[in-house]
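Trainee: I am new to this structure. Please take me through a single part of it, slowly enough that I can follow along.

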Amino acid sequence: MEAKELIKYLKNLGIDVHTTTKARGHHGFFLKNRIDISKNLPEYKKVPTLIHEFAHYVHSKIEPDMPKTGGSLEVLFKTSNPTIQTELLKVTHFVDENSLCKNLEQHKSLIKTKIKEQENIIKVDYPQFMRSKRFKEFEKYIKKSDAKYLLKYDRVKLIRGFWKKNSRIYTIDTIEKDFPDMPKAFAAYIRLRSYQKKQSRISAKINKNKKYYTKPTELFARFIEGLYLDKEYAQELAPTSIKIFRELLNEGYYKDLTTLCRTYLHI
């Protein structure tokens, strides 16, 4: 199926389709009666993206408040069977490997190792050190040092003097050079705190991504997209879901999606 053919079909349904925008920085997006796909998309991604966004359009017809609520699998499949979510998540992982957050998880694991390395350095001089407890010796030392600013920022520029001519730049990477008298354990603690902040940011991003990918409307859209990309494999991953989907499709529950599935997806 060519993108032009699908676009013509969507426009005949009264959907406003745009292919010359950046789609708000995404592959595509759906809003009200409009579908945009990015002008930067390679040809092979255009049809799957259009199908994905069309699934959102159909979903919005079933659940008008979907854009705000994210929808409900119970409404989409007329069942509260928890297997549906499990299966659709498998299809999502197949359709979009970014949903697995592999790079973020690897980065998080690396940061975790670096935190442990800094902790080991600290324990050489302070064997009783615990990350969960106050490091009183460090706190006493840092009060009189400009290094205290590195507890909040990895790079700081301190400007002193009326004419602002006296300035110093401190960074996490140059602690030993900037503060030659600082004990090694204290430099390690500053770096440990920096890595902990990075770990928190990565964890927050992972949670945000997982929340996005597990939204019912996103699970449903990638399910339909998966049926286009590899129908047999998608059915293998989600046998219960496809059975219920077919039954509802035959009933006309998915409205305009029926023609698309019959004509283009051969379901």
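Trainee: Which residues in α5 meet which residues in α12?

Mentor: Keep in mind that this is a predicted model. In α5, look for Thr83, Ile84, Glu87 and Leu88. They meet Pro239, Thr240, Ser241 and Ile244 in α12. By class, this contact divides into four nonpolar residues, three polar and one charged.

Now the geometry. Two packed helices are described by the angle between their axes and the distance between the axes. For α5 and α12, the axes come within 8 Å and cross at roughly 105°. Angles of 65 to 115 degrees count as roughly perpendicular, so α5 is roughly perpendicular to α12.

Helix α5 has another partner. It spans residues 83-95 and packs with α10, residues 216-229. The angle here is about 60°, and the axes lie 8 Å apart. That makes α5 oblique to α10. The crossing of α5 past α10 is left-handed.

Here are the residues of that contact. On the α5 side they are Gln85, Leu88, Leu89, Val91, Thr92, Phe94 and Val95. On the α10 side they are Leu219, Phe220, Arg222, Phe223, Glu225, Gly226 and Leu229. Nine of the residues in the contact of α5 with α10 are nonpolar, three are polar and two are charged.

Next, step back along the chain from α5. The loop between α4 (73-77) and α5 holds Lys78. Its phi is near 55°, a positive value in a residue other than glycine. Is Lys78 buried or exposed? Its relative accessibility is 53%. The cut-off for exposed is over 50%, so Lys78 counts as exposed.

Helix α12 covers 239-250, and the loop between α12 and α13 (257-265) contains Lys255. This residue also has a positive phi, of about 50°, although it is not a glycine. Lys255 has a relative accessible area of 45%, so it is partly exposed.

Now look at the core. The largest nonpolar core has 49 residues. Those with the most contacts inside it are Phe77, Phe223, Phe245 and Tyr254. Its largest share, eight residues, comes from helix α2, residues 43-62. Apart from this core lies another, of 29 residues, including Cys101, Ile111, Phe179 and Ile206.

Setting aside neighbours within four places in sequence, Tyr254 is in contact with Val58, Ile62, Leu76, Phe77, Phe220, Phe245, Leu248 and Leu249.

Gly28 lies in strand β2, residues 28-31, and Asp36 lies in strand β3, residues 34-38. Gly28 counts as buried, at 11% relative accessibility. Asp36 is buried too, with a relative accessible area of 2%. Leaving aside residues within four places in sequence, Asp36 is in contact with His18, Thr21, Ala23, His27, Gly28 and Phe29. For a sense of distance, take Asp36 and Leu237, 201 residues apart along the chain. Their C-alpha atoms are separated by 29 Å.

Note on methods:
Residues numbered from 1 in each chain as written. Predicted model: local features only at pLDDT ≥ 70, side-chain atom pairs only at ≥ 80, totals over all residues. Heavy atoms only, no water. Axes fitted to C-alpha atoms, helices over the stretch in contact; angles between N-to-C directions. Helix = DSSP H or I, 4+ residues; strand = E, 2+ residues; numbered from the N terminus. Parallel < 35°, antiparallel > 145°, perpendicular 65-115°, else oblique. Left-handed = near helix turned anticlockwise from the far one by under 90°. Contact = heavy atoms within 4.5 Å. Nonpolar A, V, L, I, M, F, W, Y, C, P; charged D, E, K, R; others polar. Core = buried A, V, L, I, M, F, W, Y, C linked by side-chain atoms within 4.5 Å. Buried < 20%, exposed > 50% of the residue type's maximum accessible area, 1.4 Å probe, protein only.
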